[in-house]
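Please find below my notes on the model you sent. They are set out as numbered points.

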Amino acid sequence: MTTDVWFIWPSREALSHEGLSRARLAIMWGVRALLLGGMLWTAISEKGPHGWSWTVGVSMVLVMVVLARAFWRQTLAHRLWPSLGVLALLMATALAAQQTDWRIFAIIAWCGCALSALERLPLGAAVPTTLVALGAYALVNTDGLLTTALTTTGLGLAGYVLRLDAEARGTAQRLLAQERAARAAEAESAALAERARIAREIHDVLAHSLSAQLVHLEAARLMIEREPAGEFRDGILERVVAARSMAREGLAETRQALSALRGEITPVEDFLHTLVDGGGPGGPAGVEVTGERRPLTAEASQAVRRVAQEALTNVRKHAPGAAVAVRLEYLPDEVALEVRDSGSGRVADDLGLSGSGYGLLGMRERAELLGGSLEAGPENEGFVVRLRVPA
C-alpha cells in the first residue's frame with residue numbers, strides 16, 4: 001500500500017447511492033428508519049410524555065440527523081475539513097448525550113461516526129477519527145472488556161468492508177460509464193461514416209448532374225443570345241436563364257447539405273449574412289445576432305438555415321423591395337430566429353403554398369420535430385416568421 005492511498009478519497013460514485021439495487025436501498029433506508037424510530041421512542045418513553053426532559057432527547061436526535069446529513073454532503077463533495085468539523089460536532093453531541101444520561105444516543109452516534117469515517121473519508125483521516133470514536137465508545141460501554149473489544153473490532157472491520165464494497169460499486173459504475181461512452185463513440189463514428197458515404201453518393205450523382213446542367217444551360221444561353229432578337233427567342237432565353245438560376249441555387253444548397261453531412265458546415269451567422277447580402281429580397285436588409293455565440297447541433301443549424309432561406313424567398317416573391325430585418329438570438333437552452341419585413345397585403349396560406357416546395361407547413365414541421373415551434377403571420381404592415389428550436 002503506497003503513501004498516496006492514505007490521502008485518496010473514495011470516488012464520488014462510491015459515496016453516492018448510484019448503482020445500488022432497489023432491494024439494497026430499501027434495506028438501507030429501513031435500517032435508518034428503524035434506528036431513528038428507536039431513538040425517538042427512547043427519548044419519549046424513558047422520560048415520559050410529560051415534562052421537558054424528553055424534549056432534550058428528541059432535540060438531540062434531530063441534531064444528529066441534521067449533522068449526519070451534512071457529513072454525507074460534505075464527503076460527497078470531497079471537502080475534508082468541513083467533513084471533519086461536522087464529525088467533531090456529531091461526537092460532541094454524543095458526548096453531551098452521555099453527560100445528560102442519554103447513553104444509547106451516545107453509543108449509536110459514536111458507532112455511526114466510526115463506520116461513516118471508515119467508509120467515506122480518506123484513510124489518513126478515517127483511521128484516527130475511527131479510533132477516537134471507538135475509544136469513546138469503549139470508555140462508556142459497560143458490557144465487559146471482552147465484549148467491548150469484540151464490538152470495536154467488529155465495527156472497525158465492518159466499516160472497512162463497507163468502504164471496499166462502496167469502492168467496488170464505484171469502480172463498476174465508472175466502468176459502465178466508460179463502456180457506454182465507448183458505445184456512444186462507436187455509434188457516432190458509424191453514423192459519421194454513413195453520413196460521409198451518403199455525402200459521397202449525393203456528390204457523385206446530384207452535384208455532378210447539377211454541374212453538368214449548369215454547363216449545358218450556359219452553353220444554351222450563349223447560343224440563344226447569338227440568334228436574332230424576337231419574341232420567341234426572348235421567351236426561350238428567359239426560361240433558360242431561369243433554369244440556370246434554379247440549377248445554381250440547387251447546386252449551392254446541395255453543397256451546403258454535403259458540408260452539413262461531413263460536419264464542415266459554416267457558422268449560422270456567416271450563412272445569414274451571406275444569404276441577406278447575396279440573395280436577399282432586394283430592399284434594405286440587416287442581420288442582428290445577440291446572446292453568447294456557440295456551436296449549434298447539426299439539426300438546429302439546418303432548421304435555422306432552411307427557415308431563414310424560405311422566409312427570405314417568400315419576401316422576395318410576395319413583397320419585392322421590402323425592408324427585411326433578420327434577428328438571431330442565442331438563448332440558454334435554445335436558439336431563436338426572427339425574419340421580419342415591411343411589406344404588406346400578404347396571406348400566410350399563400351406563403352405556405354409558395355417557395356421551393358417547403359413553405360410554412362414544412363418549416364413548422366421541421367421545428368416541431370426538433371421540439372421547437374414556429375410562428376408566422378402578418379404583423380403591423382409586414383410579415384414576421386419566428387422560429388425557436390432547442391440548441
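1. The coordinates are a predicted model. The protein has 391 residues, 35% of them buried. Its secondary structure consists of 12 helices and 5 strands.

2. Contacts and surface. Taking contacts between residues at least 6 apart in sequence, 69% link residues that are at least 24 apart. The accessible surface is about 22300 Å², and carbon and sulfur atoms account for 62% of that area.

3. Geometry of helix α6. This helix covers residues 123–140, which is 18 residues. From the first C-alpha to the last it spans 25 Å, close to the 26 Å expected at 1.5 Å a residue.

4. Buried face of α6. Which residues of α6 are buried? They are Leu-123, Ala-125, Ala-126, Thr-129, Thr-130, Ala-133, Leu-134, Ala-136, Tyr-137 and Val-140. Viewed down the helix axis, the buried residues of α6 fall within an arc of 155°, so they line one face of the helix.

5. Exposed side of α6. Leu-131, Val-132 and Leu-139 lie on the other side of α6 and are exposed.

6. Disulfides. How many disulfides does the model contain? The count is 0. A disulfide is a covalent bond between the sulfur atoms of two cysteines. The cut-off applied to a pair of cysteine sulfur atoms is within 2.5 Å. For Cys-111, the closest cysteine sulfur is that of Cys-113, at 9.3 Å, which is too far for a bond. Seen from Cys-113, the closest cysteine sulfur is in Cys-111, again at 9.3 Å and too far for a bond.

7. Burial of the two cysteines. Are Cys-111 and Cys-113 buried or exposed? Cys-111 has a relative accessible area of 14% and is therefore buried. Cys-113 also counts as buried, because its relative accessibility is 0%.

8. Arg-244. This residue sits in helix α8, which runs over residues 231–262. Is Arg-244 buried or exposed? The threshold for burial is under 20% relative accessible area. Arg-244 has 16% relative accessibility, so it counts as buried. Leaving aside residues up to four places away in sequence, Arg-244 touches Leu-214, Leu-217, Glu-218 and Arg-221.

How values were computed: Residues are numbered from 1 along each chain as its sequence is written. This is a predicted model: local features need pLDDT of at least 70, side-chain atom pairs count only at pLDDT 80 or more; totals for chains, interfaces and linings use all residues. Side-chain values use heavy atoms; hydrogens and water are left out. Helices (H or I, at least four residues) and strands (E, at least two) are DSSP runs, numbered from the N terminus. Buried means under 20% relative accessible area, exposed over 50%, partly exposed in between (1.4 Å probe, protein chains only). Contact means heavy atoms within 4.5 Å. Accessible areas come from the Shrake-Rupley method with a 1.4 Å probe; for residues, only the protein chains shown count as cover. The expected span of a helix is 1.5 Å times one less than its number of residues. The arc is that of the directions from the helix axis to the C-beta atoms.
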